[in-house]
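Visitor: I would like to learn how to read a structure like this one. Could you show me the chain and take me through its features?

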Amino acid sequence: MEYIIEFESVGLRYGQGAEVLKDVSFGLPVGSFHYLTGESGAGKTSLLSLLYLAQPQTRGNVRLFGRSIQSVSRNDLPNFRRKIGVVFQDFRLLDHLSCIDNVALPLRVAGLDENEVQKRVKELLIWVGLGNQLKSKPPVLAGGQKQCVAIARAVINRPDLLVADEPTGNLDEKSASRVMRLFFELNKRGTSVIVATHNENIIKEFPAPRMHLANGKLDIFPAGFVPERGQS
């Protein structure tokens, strides 16, 4: 089996504090979809930060796309990061830029021809349901629309892995369902997806296996299984 993510006895601590993650080991197959759950403070955001290379682990080994991240040189890191899309709860859009320009940023940074940029961005915004908002700026958009722009920006580089940290936390039920349908459609197209969430209703509506963190340790449960409070 080919794995997109492998953790081997990974630990993470901040400064001299206690470990936030303790001996975390797992492997996720290429093309898989998983939820990441756990009570507040369980370490979900810390685990995700390791996945999108915001920080290194304290100990153990993390492998992404078949390579140990410790073997990735500083020069190779930008290309490595382009394989990873990230979506946050608070959208992190630039309010002074239009939807097109927000989504186009990763392509322009990569130096893609502007005609190709415009073509790909417009097609993707139409696909996420924002074909009539191409030139609108974030302040005039509803929360669900902002999150769809953020998703489009995260996947415009066609990443192999999409990581979403509480992406429906600020959305109403209808918008949250639409966003989740987009994630599952991306997964059907080959992108591996991890969604951190507290929303059990979303997990019931869109079943998938879950990685559950408790007391710094992680277990993986099948779709439909609900861990007991504090269980790991």
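Visitor: Which residue caps the N-terminal end of α4?
Guide: Look for a polar contact, which is a pair of N or O atoms within 3.5 Å; within protein, one must be able to donate a hydrogen and the other to accept it, and residues adjacent in sequence count only if both atoms are side-chain atoms. Here the cap is Asp-113, with a side-chain oxygen 3.0 Å from the backbone nitrogen of Asn-115. This is a predicted model: local features need pLDDT of at least 70, side-chain atom pairs count only at pLDDT 80 or more, and totals for chains, interfaces and linings use all residues. Residues are numbered from 1 along each chain as its sequence is written, and side-chain values use heavy atoms, with hydrogens and water left out.

Visitor: How many residues does helix α4 have, and what should they span?
Guide: Start with what counts as an element: helices (H or I, at least four residues) and strands (E, at least two) are DSSP runs, numbered from the N terminus. The expected span of a helix is 1.5 Å times one less than its number of residues. Helix α4 takes in residues 114-127, so its 14 residues should span 20 Å. Its end C-alpha atoms are 20 Å apart, which agrees.

Visitor: Which residues of α4 are buried?
Guide: Buried means under 20% relative accessible area, exposed over 50%, and partly exposed in between (1.4 Å probe, protein chains only). In α4 the buried ones are Val-117, Arg-120, Val-121, Leu-124 and Leu-125. They cover an arc of only 125 degrees around the axis, which puts them on the same side of α4. That arc is taken from the directions from the helix axis to the C-beta atoms. On the face turned away from the buried side, α4 carries the exposed residues Asn-115 and Ile-126.

Visitor: What covers the buried residues of α4?
Guide: Think in contacts, meaning heavy atoms within 4.5 Å. The cover includes α3 (99-109) and α5 (143-155). Now turn to α3. Its buried residues are Cys-99, Ile-100, Asn-102, Val-103, Ala-104 and Leu-107. What covers them includes α4 and α5.

Visitor: What follows these two helices?
Guide: Check phi. After α3 comes Gly-111, whose phi is positive, near 85 degrees. Just after α4, Gly-129 takes a positive phi of about 90 degrees.

Visitor: Which residues other than glycine have a positive phi?
Guide: Ser-9 is one of them, with phi near 50 degrees. Ser-9 sits in strand β1 (residues 3-13). Its relative accessible area is 37%, so Ser-9 is partly exposed. Asn-215 is another case, with a positive phi of about 55 degrees. Find Asn-215 in the loop between β9 (210-214) and β10 (217-221). Asn-215 is exposed, at a relative accessible area of 61%.

Visitor: Which residues touch the most other members of the largest nonpolar core?
Guide: A nonpolar core is a set of buried Ala, Val, Leu, Ile, Met, Phe, Trp, Tyr and Cys residues joined through side-chain atoms within 4.5 Å. The largest one here has 42 residues. Those touching the most other members are Phe-33, Tyr-35, Val-121, Leu-125, Leu-162, Met-180 and Phe-183. Elements giving two or more residues to this core include β3 (33-37), α4, β7 (161-165) and α6 (173-188). Apart from this core lies another, of 32 residues, among them Leu-21, Leu-48, Phe-65 and Val-72.

Visitor: Is Asn-61 buried or exposed?
Guide: Compare its accessibility with the cut-off. At 16%, Asn-61 counts as buried. Asn-61 lies in strand β4 (residues 59-64). Its side chain and that of Ser-68 form a polar contact of 2.9 Å. The side chain of His-212 makes a polar contact of 2.7 Å with the side chain of Thr-37.

Visitor: How many helices and strands are in the whole protein chain?
Guide: The chain has seven helices and 10 strands. Buried residues make up 50% of the 232 residues.
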